[in-house]
Amino acid sequence: MRKKHPALIKLGKKIRELRREKGFSQESFAYEVGLDRTYMGSVERGERNIAALNLIRIAKTLKVEVGSLFPAAKSLNLD
């Protein structure tokens with residue numbers, strides 16, 4: 001199994017947090033976004049380096065700006 005990057009884990013947690021705040025189950029959210037539930041699960045666990053277009057789809061479904069999906073840059077370590 002590949003090591004999860006800490007920045008992707010934080011991104012996934014933020015997406016999960018916003019999804020839950022909006023009242024979506026993971027399955028209903030994946031359906032609304034147009035992505036597979038297992039893919040969304042792997043995003044929320046930080047296992048995927050998600051494509052920009054999918055981030056846009058997620059933000060539109062959550063009715064938030066794309067930037068709000070990301071944790072503060074100062075909290076991210078890219079090493």
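Biologist: Where do Glu17 and Lys14 lie, and how many residues apart are they?

Modeller: In this predicted model, both sit in helix H1, 3 residues apart, which is about one turn of the helix. Residues three or four places apart on an α-helix point the same way, because there are 3.6 residues a turn.

Biologist: What makes Glu17 and Lys14 a salt bridge?

Modeller: Their closest N and O atoms are 3.5 Å apart, and the cut-off is within 4 Å, so the pair qualifies as a salt bridge.

Biologist: Nice. Why is Glu17 called partly exposed?

Modeller: Its relative accessibility is 38%. Buried would need under 20% and exposed over 50%, so Glu17 falls in between. Lys14, at 23%, counts as partly exposed too.

Biologist: Which salt bridge does Glu44 form with Arg19, and what are the closest atoms?

Modeller: The closest N and O atoms of Glu44 and Arg19 are 2.6 Å apart. This pair links distant parts of the chain, with Glu44 in helix H3 and Arg19 in helix H1, 25 residues apart. Arg19 also counts as buried, at 5% relative accessibility. Glu44 meets Arg16 in a salt bridge as well, at 3.4 Å from N to O.

Biologist: Why is helix H3 said to be largely enclosed by the rest of the structure?

Modeller: Because 6 of its 8 residues are buried, among them Tyr39, Met40 and Glu44. What covers them includes helices H1, H2 and H4.

Technical notes: Residues numbered from 1 in each chain as written. Predicted model: local features only at pLDDT ≥ 70, side-chain atom pairs only at ≥ 80, totals over all residues. Heavy atoms only, no water. Buried < 20%, exposed > 50% of the residue type's maximum accessible area, 1.4 Å probe, protein only. Helix = DSSP H or I, 4+ residues; strand = E, 2+ residues; numbered from the N terminus. Contact = heavy atoms within 4.5 Å. Salt bridge = Lys/Arg side-chain N within 4 Å of Asp/Glu carboxyl O.
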